[in-house]
Amino acid sequence: MLKRGEEMQRDLWTSLLLVWITCVPYSSMALLNNQSQSLQMVSAMIPRNRPSEGQRILSRAKRGWVWNQMFVLEEFSGPDPILVGRLHTDLDMGNKNIKYVLAGEGAGTIFAINERTGDIHAMKRLDREEKAEYTLTAQVIDRDTDKPLEPPSEFIIKVQDINDNPPQFIEGPYKGSVPEMSQVGTSVTRVTATDADDPVYGNSAKLVYSILEGQPYFSIDQTTAIIRVALAGMDREMREEYLVVIQAKDMGGHMGGLSGTTTVTVTLTDINDNPPKFTKGSFEFTIPEDLGIGKPGGRVKANDRDIGENAKSAYSIIGGDERDIFEIVTDAQTQEGILRLKKPLDFESKKSYNLTVVATNIRADSITGGPYMDQTMVKIIVEDADEPPVFTKSTYLFDVHENAAINTVIGAVAARDQDATHSQVRYFIDRHTDLERQFNINVDDGKITLAKPLDRETDMWHNITVTATEVRNHSQISRATVAIKVLDINDNAPEFASEYEAFLCENGKPGQVIQTISAVDKDNPSQGHMFHYRLEMLNNPNFTIKNNLDNSISILAKHDSFRRQKQDTYLLPIVVTDDGEPPMSSTNTLTIQVCSCSREGNVQSCNVEAFVLPIGLSMGALIAILACIILLLVIVVLYVTLRRHKNEPLIIKDDEDVRENIIRYDDEGGGEEDTEAFDIATLQNPDGISGYLPRKDINHLFCAASFEYIYTFYLFIYFSQIVIFINCLI
């Protein structure tokens, strides 16, 4: 603290000396020149817009008084207020009626003016970092009337800086990293310090950087503050982290400057500069020979001092595995090499293996080269295990004819125990694969025999599983697949390929093809089928056959006199024989219907009822005619009945005067002049003759009835002709 106080006192006196040197020339000039007071004041002033360096402006102010730009030192604390400057006007001739007035920023509180002399004093301690300048307004007024004598003018009081703020690292503490084994001069990171002092005035804000702690490993540029590697060969595996203390000092680093510090934690990042190293020079594992494929048989480990991806290694076998039985993979979690089986072990053929295993880094580094590797020897000892019997084949293929006798030996399987004990083996059939128990096996010698008759047309293949079990250890079981093919014999007769429907046109020509016939056979001879056809009746008068030379025949008609009236259906037996050993034959019957056909030979009708009527009418036409006749008869009967009901005589039974009754009839009268239509005497005598009214129009009624019967007869004839015409069209 004492040293700090001395530095501040020295800076204060230096600033005061600079102010005194600046003000003395202007004061001397004022004493030497008393010719014009205005001129001396102007020469003592510095205009607000400063001229270029080396220039000096002498001018006369347009206003009656002049002032200058003023300065005051910050942090000045004396017993009395510090004089900042003085204002003076040409109107001030020593009379006492002039009054100086000050207004603006800090007027009356920070700055005060002497009303009579115009002296301006700073009343408080100022801090440039809080406010660098103040803008004020000066004016001269009449003391008695308070009226302005001059217009107000604005001026600035600037607070001059002193070195009272140390540098600060706002973003600290810092962290940086650099790869291990980096060359000298490799950039690590950059730090930045700030100084609140005025960077324009003096060297208060001029900073210089240096390292207080962290040498000789790192260095820093004094101006740019970039930290660099200063020592080559720094190894992360030896030391990973460094703490560097950085100092920033103002005043260009000279004596009396203020300083600030920060810390930088530098971490060395890893590179692949260390090879993997096996924990042992050799490894030895004992693996049972019945270890499953893909199962782990042992683990090896190669350690690496590097970290992350640089520490990962891949394992491989480069020697001792000529049979390609083993493989080694990397455990991603533990970085161990897992030894696994690719093929089964066999103690009886080889009892041990000597493998050469190599661990190699996955990543190569551009600085150190690499990748690195290490190798070790791994000895594998195969341990004998009780293994199940081994079949001579994994799959057996046998064949047998379908007419083979029961207990016929189909084939034999064989298995043996390869262990040193050479246990005896027993054979069995897995009945899940032989549900019908079609086969048997001899438990001692493995011979497979037929238990039930076979039929190739039902099952052509039989796949069964045979097991072999050690006598002394029934848990040791092995399996083999036996495929039995049933061979064909000629035990099925050929038959028609489908149910044929043949049609014969009664107006056809001799030799017309009625139907093409082919046959099928369930048997499957090695050289294919060859069928022979013949008619059961050798000299059939109606039909014959033609060989098409493709295992099919055509049925031909021998004549053209087929008529449906004589026979509408023919049954033609045909014998089909194969060329197997022995030959098999069957008789198949072809049904042929006689039909009416068009001129083009297209079948139109094959119904039996269509040609039984002698007049040539079909059954449908006959039914239609009968229906029409019945309908006409019903209509005639109804019509006649109605006419008879309407023509009944009128019976007068009561004694009342007929003139008082209304009688309706169908005859139309002739009017008033018609006196012949009825007899007036009859009207006067209601009884009439025998109770009936005499009618003079009875002849007309008889003629109408005759006409109705004739009309009905003609209707019947007309409808009959229509039906016959329709039948002809059909």
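Which residues does Ala-302 touch, not counting residues up to four places away in sequence?

1. Basis of the model. This is a predicted model, in which local features need pLDDT of at least 70 and side-chain atom pairs count only at pLDDT 80 or more, whereas totals for chains, interfaces and linings use all residues. Residues are numbered from 1 along each chain as its sequence is written, and side-chain values use heavy atoms, with hydrogens and water left out. The average pLDDT (the predictor's confidence in each residue, from 0 to 100) is 78 for the protein, and 76% of the residues score at least 70. Residues 17-66 stay under 50 in pLDDT, and the model has 53 contacts beyond four places in sequence for them; a contact means heavy atoms within 4.5 Å. The pLDDT is also below 50 over residues 687-702, a stretch with 16 contacts in the model beyond near neighbours in sequence. Where pLDDT is low, the predicted coordinates should not be read in detail.

2. Overall composition. The protein has five helices and 42 strands; these are DSSP runs, numbered from the N terminus, with helices being H or I of at least four residues and strands E of at least two. Of the 730 residues in the protein, 36% are buried, where buried means under 20% relative accessible area, exposed over 50%, and partly exposed in between (1.4 Å probe, protein chains only). The protein exposes about 44,600 Å², of which carbon and sulfur atoms supply 54%; accessible areas come from the Shrake-Rupley method with a 1.4 Å probe, and for residues only the protein chains shown count as cover. Among contacts between residues at least 6 apart in sequence, 65% join residues at least 24 apart.

3. Ala-302. This residue is in strand E19 (residues 296-303). Ala-302 touches Pro-276, Lys-277, Phe-278, Tyr-315 and Ala-359, leaving out residues up to four places away in sequence. The C-alpha atoms of Ala-302 and Ala-359 are separated by 6.7 Å, with the two residues 57 apart along the chain. Ala-302 is buried, its relative accessible area being 4%.

4. The sheet E10-E16-E15-E12. Four strands form this open sheet in the order given, with mixed pairing; two strands pair if DSSP finds at least two bridges between them. Strand E10 (174-179) and strand E12 (208-213) are the edge strands, each pairing on one side only. On average, neighbouring strands of the sheet are turned by 35 degrees against each other, direction ignored; axes are lines fitted to C-alpha atoms, for helices over the stretch in contact, and angles run from 0 to 180 degrees between N-to-C directions. E10 and strand E16 (residues 259-269) run parallel and are joined by six bridges. Tyr-174 has Val-264 as its bridge partner in E16.

5. The sheet E26-E33-E32-E29. This is an open sheet of four strands, again listed in order, and its pairing is mixed. Its edge strands, strand E26 (395-401) and E29, each pair on one side only. The twist from one strand to the next averages 30 degrees. Strand E32 (residues 461-470) and strand E33 (residues 477-487) run antiparallel, with nine bridges between them; Asn-463 stands opposite Ala-483 in E33.

6. Backbone geometry to check. Most residues other than glycine have a negative phi, and most peptide bonds are trans. Gly-172 and Pro-173 are joined by a cis peptide bond with omega of about -5 degrees, and Pro-173 is found in the loop between strand E9 (153-160) and E10. The bond from Gln-215 to Pro-216 is also cis, with omega near 10 degrees; Pro-216 is in the loop between E12 and strand E13 (218-220). Arg-437, although not a glycine, has a positive phi of about 50 degrees. Arg-437 lies in the loop between strand E29 (425-429) and strand E30 (439-441), and is partly exposed at a relative accessible area of 49%. Asn-551 is likewise not a glycine and has a positive phi of about 65 degrees; its loop lies between strand E38 (543-547) and strand E39 (552-557).

7. His-559. This residue lies in the loop between E39 and strand E40 (569-577). Its side chain makes polar contacts with the side chain of Asn-542 at 2.8 Å and with the side chain of Ser-561 at 2.7 Å. A polar contact is a pair of N or O atoms within 3.5 Å; within protein, one must be able to donate a hydrogen and the other to accept it, and residues adjacent in sequence count only if both atoms are side-chain atoms. Leaving aside neighbours within four places in sequence, His-559 is in contact with Pro-510, Pro-541 and Asn-542.
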